[in-house]
Amino acid sequence: MKYLLSILFVFSAFFLQAQNIFKSLAAQDLSSITKLLGEETDLCLLDDQEILSKNEVVKKLSSFLATIKPKSCEKVHSGNSVGNRSNYSLGKLITADNQAYRVFIFAEEDETIKEIRIDRW
C-alpha cells in the first residue's frame, strides 16, 4: 500500500509540474522550467537537436519562443514508465498566428527534465 501511495504521489507531482511547465512556455517565463532542467538536456526545436547545458537550453528556448510568439500551451497527455523511473508529458502549443506545435517533455523520476522537443503539430 505504501508503494502504491508513493507511486501516486510521484505521478501526481509530475502531473502538476507538467501543467506549470506548459503555462510557463505559453507565458515565455522560463524561470520555473530552469529549476527542473538537468545539467545537460536534449533540446529538439523542429529539426535542430542538441544536448545542451542548462544555460544554453534556456537561451535557445527563449529565443525560439520569442520567434514563434506562443498564445497558449496546454497539456494533452502524460504518462510514466513501468516502475515510475521516468515520466513524460505531451502538450499542444498555439502561436499568435494559430500555428500548432507538439511539445514533448521527458523527465527522470526525480522530475529532472532530460528532454524537451517542440515539433509542428
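Which residues have the most contacts inside the largest nonpolar core? Leu25 and Leu61 do, and the legends below come back to them. This is a predicted model, where local features need pLDDT of at least 70, side-chain atom pairs count only at pLDDT 80 or more, and totals for chains, interfaces and linings use all residues. Residues are numbered from 1 along each chain as its sequence is written, and side-chain values use heavy atoms, with hydrogens and water left out.

View 1. Helices (H or I, at least four residues) and strands (E, at least two) are DSSP runs, numbered from the N terminus. Of the 121 residues, 40% are buried; buried means under 20% relative accessible area, exposed over 50%, and partly exposed in between (1.4 Å probe, protein chains only). The chain exposes about 7,000 Å², and carbon and sulfur atoms supply 53% of that. Those areas come from the Shrake-Rupley method with a 1.4 Å probe; for residues, only the protein chains shown count as cover.

View 2. Read across, the 6 strands go β2-β1-β6-β5-β4-β3, with mixed pairing. Two strands pair if DSSP finds at least two bridges between them. Out at the edges stand β2 (48-53) and β3 (70-80), each with a single partner strand, so one side of each has no neighbour in the sheet. From one strand to the next, the twist averages 15°.

**View 3. Zooming in on β5 and β6.** Strand β5 (residues 100-108) runs antiparallel to β6 (residues 113-120), and 7 bridges join the pair. Look for arginine 102: opposite it, in β6, is aspartate 119.

**View 4. Helix α3 lying across the sheet.** Helix α3 (residues 54-68) lies across β1 (37-45), β2, β3, β4 (86-95), β5 and β6, and runs at about 35° to β1. For such angles, axes are lines fitted to C-alpha atoms, for helices over the stretch in contact, and the angles run from 0 to 180 degrees between N-to-C directions.

**View 5. Inside the largest nonpolar core.** This core has 24 residues. A nonpolar core is a set of buried Ala, Val, Leu, Ile, Met, Phe, Trp, Tyr and Cys residues joined through side-chain atoms within 4.5 Å. Two or more residues each come from α1 (2-27), α2 (31-36), β1, α3, β5 and β6, with α3 giving the largest share, 5 residues. Leucine 61 touches Leu25, Leu30, Leu43, Leu45, Ile116 and Ile118, leaving aside residues up to four places away in sequence. Contact means heavy atoms within 4.5 Å.

View 6. A search of the whole structure turns up 0 disulfides, a disulfide being a pair of cysteine sulfur atoms within 2.5 Å.

**View 7. Two loop residues with positive phi.** Most residues other than glycine have a negative phi. Glutamine 28, not a glycine, has a positive phi of about 55°. You'll find glutamine 28 in the loop between α1 and α2, partly exposed with a relative accessible area of 37%. Lysine 69 has a positive phi as well, near 55°; its place is the loop between α3 and β3, and it is partly exposed at 49%.
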